[in-house]
Amino acid sequence: NSNSQYAALGVRAAMEAGCDIQVEVLKRAKDWWEREQNDDGGWNYGEKGAESFGSMTTGGVGCLAIYKFFLRENFKNDPRVLNGVRWMAKNFTVSDNPGDPDRSWNRHYYYLYAMERVGGLVGVDKIGAHEWYPEGATYLLEKQRPEGHWQGDKPGSNPVIDTCYAILFLRKATKAL
């Protein structure tokens, strides 16, 4: 699912650039995301059934929105999209990646960027009662290192990757569909 969400972003870019992508490809990708959604409304890194993660739920919501948009389906009122957003609201935080058992900071910044994509793609200012952007921006600005970069506190955190995800969030880099 992790790599598949970036494929959806590539499909969006290709279609917006005028490339012709077969409808069957869009349908198969959309069907995957629908089929793999957990009963709690979230998604995980593998097949349906494992614990839902914030990073993959935000990814799943974004992917469904992209595929449904290009299939001319109403993604804003789609039950699966709405269930994913409800999972996000119930588990909302900017200080961690919900459901991540090892609390990997690389996935934390990845999660924040995926949250930004949901806000941009779906065009929402709030996730549940939370104003996702002001809360996330405040958190990130507090966590920025004096040298100007971001880096998680866990072993293996990568300041280049963490900084890229932080900047994409702060920049509100994702255009609405």
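## A quick tour of this predicted protein model

Let's start at one particular spot: Asp 100 sits in the loop between α4 and α5. The model is a predicted one, so local features need pLDDT of at least 70 and side-chain atom pairs count only at pLDDT 80 or more, while totals for chains, interfaces and linings use all residues. Residues are numbered from 1 along each chain as its sequence is written, and side-chain values use heavy atoms, with hydrogens and water left out.

**Back to Asp 100**

- Asp 100 counts as buried, at 0% relative accessibility. (Buried means under 20% relative accessible area, exposed means over 50%, and partly exposed is in between, using a 1.4 Å probe and protein chains only.)
- Leaving aside residues up to four places away in sequence, Asp 100 touches Phe 53 and Arg 107. (A contact means heavy atoms within 4.5 Å.)

**The overall layout**

- You'll find 7 helices and 2 strands in the protein. (These are DSSP runs, numbered from the N terminus: H or I with at least four residues for helices, E with at least two for strands.)
- Reading from the N terminus, the order is α-α-α-α-α-β-β-α-α.
- How does the radius of gyration fit a compact globule? For 177 residues, such a globule would have a value near 16 Å, and the protein has 16 Å, which agrees. (The radius is taken over C-alpha atoms, and the globule rule is 2.2 Å times the number of residues to the power 0.38.)
- Along the principal axes, the C-alpha atoms fill a box of roughly 50 × 35 × 30 Å.
- Take the contacts between residues at least 6 apart in sequence: 65% of them join residues at least 24 apart.

**Surface and charge**

- Of the 177 residues, 47% count as buried.
- The protein exposes about 8,700 Å², and carbon and sulfur atoms supply 51% of that. (The areas come from the Shrake-Rupley method with a 1.4 Å probe; for residues, only the protein chains shown count as cover.)
- There are 22 positive and 23 negative side chains, and the centres of the two sets lie 4 Å apart. (Lys and Arg count as positive, Asp and Glu as negative, and His and the chain ends are not counted; each charge is placed at NZ of Lys, CZ of Arg, CG of Asp or CD of Glu.)

**The nonpolar core**

- The largest nonpolar core has 42 residues, and Tyr 67, Leu 112, Met 115 and Leu 140 touch the most other members. (Such a core is a set of buried Ala, Val, Leu, Ile, Met, Phe, Trp, Tyr and Cys residues joined through side-chain atoms within 4.5 Å.)
- Which helix gives the largest share of this core? That's α5, with 9 residues.
- Leu 112 touches Val 94, Tyr 139, Leu 140 and Phe 169, not counting residues up to four places away in sequence.

**A buried glycine**

- Gly 42 lies in the loop between α2 and α3, and Gly 42 is buried, with a relative accessible area of 0%.
- Gly 42 and Trp 87 are 45 residues apart along the chain, yet their C-alpha atoms are separated by 5.9 Å.
- Trp 87 is also one of the residues that Gly 42 touches, along with Gln 37, Ser 52 and Thr 57, not counting residues up to four places away in sequence.

**Two positive phi angles**

- Most residues other than glycine have a negative phi.
- Arg 72, in the loop between α3 and α4, has a positive phi of about 60 degrees although it is not a glycine. Arg 72 is exposed, with a relative accessible area of 77%.
- Lys 172, in the segment after α7, has a positive phi near 50 degrees. Lys 172 counts as partly exposed, at 42% relative accessibility.
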